[in-house]
Amino acid sequence: MSYSPTSLATFSGNCPAALKFYAEQKERDEDVEFASGPFAEFGICFHACIHACALALKKGKTSSEAHKEMEAVALAMAAGGKCIAENAHAALEHADAFMEWWEFPPEFDYEHGVAFNVAWEKAGWDDPSRRLRLIFDAVGAIKVEMEDHSELKIAVGQDYKTGWGASRENLESIQMDAYLTALEILFGEQVDGLRIEIVSTRHHRAWGKTYIFSDDKDRAELNRRRARLEFTMKAADLSNGQPRIGFGCLLCRYTEDCLAFKAYTEHTMLGLAKGDLPKLALQYVVLKRNFEDAEEILKAATKASGPLQCEDGSIGYYPSERGTLKDSMAPLAVWLKTGQLEGLEQIHMESLRAFMEIMDPGKTQFDNVAKKCAKQLGFRSQSAGAAELGKEFIEVETSMRFGLQKK
Ligand code: SF4
């Protein structure tokens, strides 16, 4: 059977029945990789826009010419019925904001699809013998200067996420297992290592992870990730398409089609209340109350005895990193570095300091200032600037937070 990162994530993140629903949907609609509904249109149109933008910039066109190309793409999608006009316009605006923040490496390829057969050899996109196929939002090789001043060539795969939930954790996903495996096959000995990057087009943040081939720990981790990918594909081959009620249902897109889910939720009355809004409102209050009671009991229990293991996840306290500013003047200190405030009279400077003290800014405000100043301070991108300046001004604390963790 042939897989994509999305189908494998559906199998491992939801359940075997969800994979069956996915395969049936894929038969009907090639664009199933995106969620269904208006968000699907938005995502498809956004990716088409930034693809056009990246190609235009790669050819040496200006930003305003690239914008025009994106506009033409969005208009064509709206006119061709692929996307309603409101969604096409929203996608174009989102792409404009992203383009302003993000630098598209000119040496990269964009929306680059690759397919492999079972022996991990390259295959045609529609080759019936293909085992895995995926699309890199951006892929290419860059030279990186290491701390010991040696220069390494690294193959990079970037994934531009449009969802609100994009985070550093996506670097550990099965999709990124597939990215790494594909990168290694595509670039092999031409490079010294691999890098995966998750780019949140909503939050304008990027997270990356680099693996160097000569580093034993990185090598072992790459092997482990490829083995996990292969194992997941074999497990999916053997799966029987049976539903599995559990954590996977939380983010499943097939709850409407899934009879097992419907039967289960009917017991909670939620299913019965559907369509009857006053009843649903009442049910919401009851569920909220029950939720709070359950959380209180689980917090007390897991604080004492550690996370509670469920069939496909666990509930309890987990370490969580939180960044706090070392000094409330940090955003001002970054701004001062740009030299823009040079010549400001002492009295005005004092007012600015007093204002900052009253505002008591946090990490979000610091990041915004750091991003605005990044280019002037010589950083490659806004995110690179915010990350580097953060090392100087942000303290990372680890605390225990209560929540759910999927396996
Ligand atoms: S709703 Fe739950 S059981 Fe049904 S397909 Fe989705 S994950 Fe599986």
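Let's start at the ligand. By class, its shell holds 11 nonpolar, three polar and one charged residues. Here Ala, Val, Leu, Ile, Met, Phe, Trp, Tyr, Cys and Pro count as nonpolar, Asp, Glu, Lys and Arg as charged, and the others, Gly among them, as polar.

A word on the source. This is a predicted model: local features need pLDDT of at least 70, side-chain atom pairs count only at pLDDT 80 or more, and totals for chains, interfaces and linings use all residues. Residues are numbered from 1 along each chain as its sequence is written.

Back to the shell. Which residues are closest to the ligand? They are Cys-15, Pro-243, Cys-249, Cys-252 and Cys-258, out of 15 that surround it. A residue counts as near if its C-beta atom, placed from the backbone, lies within 6 Å. Helices (H or I, at least four residues) and strands (E, at least two) are DSSP runs, numbered from the N terminus.

Now the whole chain. It has 14 helices and nine strands. Buried residues make up 31% of its 407 residues. Buried means 20 or more other C-beta atoms within 10 Å of the residue's own; exposed means 12 or fewer, and partly exposed is in between, with C-beta atoms placed from the backbone.

Next, strand β5, residues 193-200. Eight of its eight residues are buried, so β5 is largely enclosed by the rest of the structure. In a regular strand, side chains alternate between the two faces of the sheet. Both faces of β5 are covered. Gly-193, Arg-195, Glu-197 and Val-199 are buried on one side; Leu-194, Ile-196, Ile-198 and Ser-200 on the other.

What does β5 pair with? Strand β4 (residues 151-161) pairs with β5 in the parallel sense, over eight bridges. Pairing takes at least two DSSP bridges. Asp-159 has Ile-198 as its bridge partner in β5. Strand β6 (residues 205-212) pairs with β5 in the antiparallel sense, also over eight bridges. There, Leu-194 stands opposite Tyr-211. β5 and β6 form a hairpin with four residues between them. In that turn, His-204 has a positive phi of about 50 degrees.

Last, helix α1, residues 5-13. Why is α1 largely enclosed by the rest of the structure? Because seven of its nine residues are buried. Those are Pro-5, Ser-7, Leu-8, Thr-10, Phe-11, Ser-12 and Gly-13.
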